[in-house]
Amino acid sequence: MHAWESIQKTLEHIEKNISEEIHIEELAKIAALSLFYYQRLFARLVKRPVREYIKLRRLAYACESLEAGGHITDIATKYGFGSRETFSRAFKEVYGLNPSEYRQSPVGLNNFDKPNLLLNYVMVDEGVPLISEGIVLEYNRKILDEAVYFLGVKDFWRFESGKMLGERPGVSGPTAIWDRFYELRKDIPSIPCGRRVGVSYHGGAPEGYSTYFAGAEVDVIPKDTDFASWELPPREYIVCEYEAEDFNELLASMGKMMKFTRFWLKKHGLIADGFFPEIYYSSQKHAYMEMWIPFKNR
C-alpha cells in the first residue's frame, strides 16, 4: 500500500465518524503508521495538521446544518465543539462571522474539502476519462477559431495565493458576484440556451485581490451597455470536460478538479497562460461544465 493510501483510509474514517470523538492514535493505527510519522505525513499530504483538518471538516458539516435550520447549540454539541461559545469562536475564526450572523444574512462560504489523494498520483492521457468519487474528468485539445463574447458583472475578490479552492475556507467572493449576475440576468441580451462563464483574472485588481467575472453568452458586445464584458479569445486550449451526478456535486468537487488540472498540465509539460474560465452549458440534462485553459510549454 502506498503512503497516500494509508492517509486516505483515515480521511474516510474521519468522514464516517465526523460527529464522534476521534483520537489521532486510532487514526495512526488505521494507517499502520507510528503516531509521529502519521501526523507528519498527514500534514504533508493534506496541507493541514490532523486536528485542524478535523475541525475544518466539522465546520463544513456544521454549515450544512445551519443552512438546514438546526439549533446552534445542538450543532455545536453534535460536532464536538463542547459549547455554543466554542463553536461560535471557531466559526468566526475561519469564516469571519459568527453562526448567528451567518444565519441572519447568509453568504456563500468556501469549506475545506475532503481531499482525494488519488488525484495527486494518477495520470491519464488526452481523451481518456478519469472517474473518481462520482466525478468524470477528460482533457482534450481544441482550437477556437472565433472569439466567444459574454456580458455580465465583475468585481474584485480577495485571493489567497498558493491555495486552491477547497483548501481556503472563508467567505466566497465569487458566490456574491454570481448572485449579482443572476439578479440582473434577465436584462442581459444573451443567446437563448447559451453558455455562462465564470472566470478569475488579474484585470487591474489591487494587490491581494483578483477580478472575477460572471456572465452569459451574447452574439456581440453592445457599444453602449452598463454590463461588464469578457471575451474568450481565439487560440488553442486544453479543455477539461467535467461531469458529476448533480450540480451541487459538481460545485463541491470543483476544488479537486482544479487541483488535478494543475497537476495534469505540469505532468504534460504545460502551464496555464493567464486564466481558467469555467463554462457552463444550460442545455445539458446532467451536471456538466468545461474549463478552457490557454496554455504554453514550460
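A residue counts as buried under 20% relative accessible area, as exposed over 50%, and as partly exposed in between (1.4 Å probe, protein chains only). This is a predicted model, in which local features need pLDDT of at least 70, side-chain atom pairs count only at pLDDT 80 or more, and totals for chains, interfaces and linings use all residues. Residues are numbered from 1 along each chain as its sequence is written, and side-chain values use heavy atoms, with hydrogens and water left out. Helices (H or I, at least four residues) and strands (E, at least two) are DSSP runs, numbered from the N terminus.

**Salt bridges**

- A salt bridge is a side-chain nitrogen of Lys or Arg within 4 Å of a carboxyl oxygen of Asp or Glu. The count by this rule is 10 salt bridges.
- Lysine 114 and glutamate 12 join their side chains in a salt bridge of 3.1 Å, N to O. The pair links distant parts of the chain, 102 residues apart: lysine 114 is in the loop between strand S1 (109-110) and strand S2 (130-132), and glutamate 12 is in helix H1 (residues 3-16).
- Lysine 114 is buried, at 13% relative accessible area. Glutamate 12 is partly exposed, at 28%.
- Glutamate 93 and lysine 55 also meet through their side chains, in a salt bridge of 3.3 Å, N to O. Glutamate 93 lies in helix H6 (residues 84-95) and lysine 55 in helix H4, so this pair ties together parts that are 38 residues apart in sequence.
- Glutamate 93 counts as exposed, with 59% relative accessibility. Lysine 55 is partly exposed, with a relative accessible area of 23%.
- Arginine 195 forms a salt bridge with glutamate 217, and their closest N and O atoms are 3.0 Å apart. Here arginine 195 sits in strand S6 (residues 195-201) and glutamate 217 in strand S7 (residues 209-218), 22 residues apart. Glutamate 217 counts as buried, at 11% relative accessibility.
- Arg235, Asp273 and Lys296 form one network, joined by salt bridges that share partners.

**Helix H4**

- H4 (residues 50-67) has 18 residues. From first C-alpha to last, H4 reaches 26 Å, close to the 26 Å expected at 1.5 Å a residue. The expected span is 1.5 Å times one less than the number of residues.
- Buried residues in H4 include Val50, Tyr53, Ile54, Leu56, Leu59 and Leu66. Arg57 and Arg58 are also among them.

- Most residues other than glycine have a negative phi.
- Alanine 32 has a positive phi, near 60°. Alanine 32 is in the loop between helix H2 (24-31) and helix H3 (35-46), and is exposed at 68% relative accessible area.
- Lysine 47 is not a glycine, yet has a positive phi of about 75°. Lysine 47 is found in the loop between H3 and H4.

**How H1 packs on H2**

- Two packed helices are described by the angle between their axes and the distance between the axes.
- H1 and H2 pack at an angle of about 135°, with axes 8 Å apart. That makes H1 oblique to H2; angles under 35 degrees count as roughly parallel, over 145 as roughly antiparallel, 65 to 115 as roughly perpendicular and the rest as oblique.
- Axes are lines fitted to C-alpha atoms, for helices over the stretch in contact, and angles run from 0 to 180 degrees between N-to-C directions.
- Contact means heavy atoms within 4.5 Å. Ser6, Lys9, Thr10, His13 and Ile14 in H1 meet Glu26, Leu27, Ile30 and Ala31 in H2.
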